[in-house]
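Subject: Structure for your review

Dear colleague,

Please find below the structure that I am handing over to you. My findings follow it.

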Amino acid sequence: MLHLQKDKEQQLVDASVQNDPNVTLITADAPVDASTHGGRAKCLQRLVRLDLPVPRTVALSFEAVHALANGDMPDLEAIVSQFEPGSLLCVRPSSEDPDWGGPGAVLNIGMNDARHKELCARMGDEAASALYLRFVQSYATHVARLDPDEFDLEGEDNDLSRTLHAYKEEADEPFPQDPAQQLAGVLLSMARAWEGTTARLLRQAKGAPADAGLGLVVQEMILGMGQNSELGECGSGVLQLVNRSTGMPQVTGRYLSQSQGRDALGAGAKALFLESDARGKALEDVAPEAFSALKVHAALMREKLREEMQVEFVIEAGQVHLLDGVRVARSSRAAVRIAVRLAQDGIITQQEAVMRIDPHSLNELLHRQIDPEAPRDVLATGIGASPGAATGKIVFTAAEAQAGAARREPCILVRRETSPEDIRGMHAAVAVLTERGGMTSHAAVIGRGMGLPCIVGASSMRFQTRDRKLTAPDGRVLKTGDIITVDGTSGQVLAGEPEMIEAALDDAFQTLMGWADDARDIDIRANADTPADAQSARNFNAQGIGLCRTEHMFFDPARLVVMREMIFAETSQGRAAVLERLLPMQREDFIQLFSIMQGQPVCIRLFDPPLHEFLPATRTGQRELAEALNLSLSDVTRRVEAMGEYNPMLGLRGVRLGVTVPEIYDMQARAIFEAALEASTPEHPVVPEIMIPLVSARREVELVKTRIDAVAASVKSEQGKDVEFRLGVMVETPRAALRAHEIAPYCEFLSFGTNDLTQMTYGLSRDDAGRFMSDYVRQGVFPEDPFHVLDVEGVGELLKLGAERGRAGHEGITLSICGEHGGNPESIAFCRDAGFDYVSCSPFRVPVARLAAAQLAISHNIGG
């Protein structure tokens with residue numbers, strides 16, 4: 001067999017191969033590139049350049065393989081001439097990206113009756129017959145396309161002579177004996193398999209273009225089988241220097257004596273450990289010199305290829321040969337540690353480490369996840385609206401969730417859709433599952449803000465909430481107390497309790513995020529409504545709060561009664577008197593937020609939702625309210641009906657409430673100013689930002705600003721201290737964006753609320769879009785769900801116009817977005833290019849945004 005001898009190598013190079021870039025012997029200076037010959041061919045060339053023991057290999061380019069699929073066979077004589085006479089060969093796929101896959105490798109090409117006889121004499125009948133049998137079975141199923149069941153034999157039936165006879169019976173001809181004919185058949189079958197419809201769809205699902213090319217490598221076989229006692233250890237395996245789950249240094253892999261290819265990975269208990277291990281025999285014990293050489297080779301590959309590599313190797317007569325090197329498959333957690341360790345070891349730069357991590361993958365570090373190796377009993381699939389996984393007992397009401405939390409029982413809150421009244425139940429639950437909704441529905445937004453796993457739009461399940469039942473598409477019925485698991489990352493609802501992997505914000509994560517912060521050039525804030533949210537924002541190093549939604553503070557049962565009393569008040573004085581009782585509660589909320597944020601900016605959105613959301617919808621709830629307010633049931637019912645709206649999201653809400661029921665904003669402004677003065681310290685002065693929601697006209701801002709200024713003056717007079725604050729507008733209507741030049745002179749900042757702005761631009765309810773959005777995306781109506789990925793062509797045009805006109809009306813005005821798009825890497829790119837000052841997103845998406853912003857800045861600097 002050939003063992004890379006450079007003097008022989010030069011003698012064997014055929015001119016037709018040496019001069020043809022489409023069919024070339026892999027040498028240090030051969031014209032091989034990943035974009036033309038695939039990643040495997042390029043990696044092998046790099047190993048050759050490192051003078052590592054790589055078997056002789058010929059690479060076929062994408063162009064050659066495409067031509068082959070159309071019947072244009074390369075010069076087989078030229079290929080075969082690159083190897084010593086009688087050499088066995090293998091053919092492996094070489095796609096541009098290893099993740100795109102390819103046809104399976106075919107080993108032992110060239111094996112025939114004559115070669116079998118020779119090898120029997122050299123290595124024994126059993127080993128030689130195993131080599132021949134493997135090739136016949138592979139050729140029969142993948143090349144001759146015969147029935148696999150006829151060749152998938154066990155025990156005594158798995159015999160070489162029986163298999164050769166079966167081939168003759170099925171193919172109506174003897175097994176081919178000509179090595180060139182065998183090689184031609186293998187090359188043609190692999191080329192055509194790649195170009196088939198099934199293979200194309202599979203690789204497209206992995207992100208490959210439809211016309212992605214495939215290269216092939218023809219490599220000399222190092223058999224890995226023989227009489228160990230006489231010739232030395234023989235076998236094959238894989239080795240890597242890092243743990244794929246944790247990223248920590250650890251020699252891992254498997255080795256199997258008397259084997260080929262990747263047999264060791266499927267050998268189970270027969271496989272040997274690599275390092276000496278008390279649990280069983282190891283390669284280090286049986287072939288210490290080979291094991292030592294493997295570690296040296298792997299370390300050199302890590303340093304020179306600048307990546308953690310898995311080495312596929314074979315040992316023949318005690319000598320190590322490297323068949324391939326591939327990037328180590330890794331979890332998201334391991335990917336971060338690997339990148340950080342490579343940078344700390346000086347192999348890559350810190351910026352390269354930042355660029356190597358997919359921002360979306362950080363979600364797996366920030367939340368518990370289902371173990372990838374755990375079995376999944378999938379009940380249904382919805383929209384994964386908030387990442388992470390949790391297991392708990394099914395409950396159908398917020399009260400049941402709170403009761404379960406009091407008993408320390410993890411519960412999954414199941415609702416048709418959530419409303420603000422479910423907030424306390426969501427806080428008590430470990431996950432939320434809803435029948436309706438999309439990526440920006442109430443449950444999705446609140447779930448992401450709380451770091452609560454959430455699936456919405458699970459419409460394939462039948463939600464019978466009155467009967468306390470869920471019916472899965474396969475007919476299984478689940479009731480209160482049954483245990484399910486919600487995987488908010490994948491959108492799968494699972495039966496039972498699969499194994500979990502805990503969140504991991506370790507030292508490697510913190511180091512990587514520090515490097516990201518050094519690189520990025522746009523600020524990242526968090527949306528935070530509660531002290532817990534604010535603490536999460538601090539923990540994730542957000543640069544302030546970009547959106548605090550105050551309405552969620554009013555759904556506490558003690559406050560809800562007061563809020564309802566205010567709604568039923570008949571006069572302005574009556575409303576103001578009731579709101580006086582809410583003032584200290586609201587003030588305490590803001591004191592907590594300001595104290596946690598320690599002088600960082602906190603942007604508080606004034607009351608936004610329609611008032612009817614605070615009124616009970618059921619007859620029982622209305623009766624209880626009548627008793628609490630000492631009113632007749634008929635009075636309560638009439639009031640509830642009178643406040644009903646045909647389209648409440650476009651009705652009396654936001655600034656419209658501030659204009660028509662100004663007492664609410666007056667109370668909130670006073671609470672903000674008094675809290676700011678109390679929470680301020682010389683080291684951390686508090687300058688609150690007050691944001692007016694749903695503005696569409698300049699006059700709305702004028703009216704609200706006048707009243708807020710009056711409240712500020714009143715507080716200053718009472719406390720003898722200056723009240724410093726910044727007033728801004730939440731741009732959520734197309735008209736506000738178009739008239740930003742008129743609005744901006746009254747503001748210090750404009751914050752674009754892309755959730756409602758998208759809804760109003762499309763004329764599309766974000767809560768109902770989930771019912772058909774997947775069909776729209778699949779049929780190409782929308783490239784992506786516009787509530788998930790910012791529509792840069794439509795909504796983005798409004799953002800650009802609003803930004804340009806806002807700056808024209810007020811030079812130096814602060815610009816930001818505070819919708820859920822703020823945490824989306826693709827949306828951050830748009831905001832950065834448009835010159836926005838910061839983006840704000842849910843606390844648990846802050847690390848994603850920080851990393852994405854850093855990668856954009858690094859890419860810009862490289863490109864610039």
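I begin with helix α22, which spans residues 531-539; within this helix, D533, A534, S536 and A537 are buried. Viewed down the axis of α22, the buried residues fall within an arc of 155°, and therefore they line one face of the helix. Please bear in mind that the model is a predicted one.

The backbone deserves attention next. Most residues other than glycine have a negative phi. Just after α22, however, N541 takes a positive phi of about 60°.

Two further residues belong to this topic. A317, which is not a glycine, has a positive phi near 55°. This residue, A317, sits in the loop that lies between β8 (309-316) and β9 (319-327). L694 is likewise not a glycine, and its phi is positive at about 60°. The place of L694 is the loop between β26 (689-692) and α29 (698-719).

A317 counts as partly exposed because its relative accessibility is 33%. L694 counts as buried because its relative accessibility is 0%.

Yours sincerely,
A colleague

Notes: Residues are numbered from 1 along each chain as its sequence is written. This is a predicted model: local features need pLDDT of at least 70, side-chain atom pairs count only at pLDDT 80 or more; totals for chains, interfaces and linings use all residues. Side-chain values use heavy atoms; hydrogens and water are left out. Helices (H or I, at least four residues) and strands (E, at least two) are DSSP runs, numbered from the N terminus. Buried means under 20% relative accessible area, exposed over 50%, partly exposed in between (1.4 Å probe, protein chains only). The arc is that of the directions from the helix axis to the C-beta atoms.
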